[in-house]
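Subject: Structure for you to look at

Hello,

Here is the structure I promised. Please open it next to this email and follow along.

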Amino acid sequence: MPESSIVVQPDQPGSASYLPSARLDTAGLPRAVALFEQAARAVPLYTPPQPIVIADYGAATGYNSMLPIGAAIDAIRERTRVEHAIMVAHTDLPDNDFSALFHTLAEDTDSYLQKDTATFSAAVGRSFYDQILPSNAVTLGWTSWAVMWLRTIPTEVRDHVFVAYSTDDTARAAYARQAASDWQNFLAFRGRELRPGGRLVVLTAAVDDDGEYGYQPLVGAILAALHDLIGTTLISAEEVRRMTIPIVVRSEKDLRAPFAPHDRFEGLAVEHLEVFDAGDRFWAQYQREHDAAAFGRQWAAFARASLFPALFAGLDGGRGDPRVTELADRLEQSVAASLADAPQQVRIPLAAVVMVKRQPTD
């Protein structure tokens, strides 16, 4: 299953809707970036020549990581010499496109490598549901839009592609158990990797106070489009039945559960937790420009890049099935048309969590 940060790319510079702030607004990052910057000002720092280690868990292409890591490095530089080495370890699964990550680091104008000559980068191709960095080595950890991916699909969801909207209580319970296990494993190994006083900032999908899971118009359009394609040469009913997006959204209670009853888990304690709506930038653009077709195209393109690959694992030939390209084209067109016909704001509830590794004497 994926463990990569989900990215919504902003419009390209020069387009009518491009804004310089789009990168930050696009991924719903402002709160989490501010929290990461605060964490960088609070963590204890090694003295040279010991490097300061920042971990980027579920890096994907690195796109979502450049601003928060850059902000953290700036904050650290206020507290240490400019020649004090900083090592940034970007992690993801072995089949991640690490070439795209390296290009981001080398070429992106927001890359920390463009701004700080004493900061170095490395990549780790292993699951963050295991220990992947040395114990007591990491000063700061960051992850955004990644821990919502389950490590494995626990069971089929027969009536929907998104378990949050399934009416199958057995499937929902199985996903909840897997989500709880994955969250505990993720935290346990980060507890080992963080040095005492180190901090971890997590941005992930959440359930808001009203019980809203988010993304309902989008996943509803995807499900309807798949059912419309059944009976064509592109997909069978059995393949649609196997398709799922293995993402879970966690409530505040779910996120705090491992820390009960003593407010600590594997040395970690929750320092800050908030649930908020990230805002639908495509909807905001639609309200300004009243271009329903553009609204549909933008969300459909996001779904194709971020969600369709998980769905296509349900095809007889998996993600390498020869029908994938044509199916993706048809599915994207159908989702775009559906959302354009009846534009609705997409709710995006997120949770921002800051955890600190307590000193043994705390």
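First, the ground rules. This is a predicted model, where local features need pLDDT of at least 70, side-chain atom pairs count only at pLDDT 80 or more, and totals for chains, interfaces and linings use all residues. Residues are numbered from 1 along each chain as its sequence is written, and side-chain values use heavy atoms, without hydrogens and water.

The sheet

Helices (H or I, at least four residues) and strands (E, at least two) are DSSP runs, numbered from the N terminus. Two strands pair if DSSP finds at least two bridges between them. Seven strands form an open sheet in the order S3-S2-S1-S4-S5-S7-S6, and the pairing is mixed. S3 and S6 (268–277) stand at the edges with a single partner strand each, so one side of each lacks a neighbour in the sheet. On average, neighbouring strands are turned by 15° against each other, direction ignored. Axes here are lines fitted to C-alpha atoms, for helices over the stretch in contact, and angles run from 0 to 180 degrees between N-to-C directions.

Strand S4

Look at S4 (residues 138–144) next. Buried means under 20% relative accessible area (1.4 Å probe, protein chains only). Seven of the seven residues of S4 are buried, so the rest of the structure largely encloses this strand. S4 pairs with S1 (residues 52–57) in the parallel sense over three bridges. It also pairs with S5 (residues 194–205) in the parallel sense, over six bridges. Find Leu140: Ile54 stands opposite it, and Leu140 also stands opposite Arg199 in S5.

Helix H4

Which residues of H4 (residues 98–107) are buried? They are Phe98, Leu101, Thr104 and Leu105. Seen down the axis of H4, they fall within an arc of 115° and so line one face of the helix. The arc is that of the directions from the helix axis to the C-beta atoms. Their cover includes H3 (66–77), S2 (86–92) and S3 (119–125). Contact means heavy atoms within 4.5 Å.

Helices H9 and H10

The axes of H9 (residues 281–289) and H10 (residues 292–306) come within 9 Å and cross at roughly 170°. That makes H9 roughly antiparallel to H10 (angles over 145 degrees count as such). Phe282, Trp283, Gln285 and Tyr286 of H9 make the contact with Ala292, Phe295, Gln298 and Trp299 of H10.

Best wishes

How values were computed: Buried means under 20% relative accessible area, exposed over 50%, partly exposed in between (1.4 Å probe, protein chains only). Angles under 35 degrees count as roughly parallel, over 145 as roughly antiparallel, 65 to 115 as roughly perpendicular and the rest as oblique.
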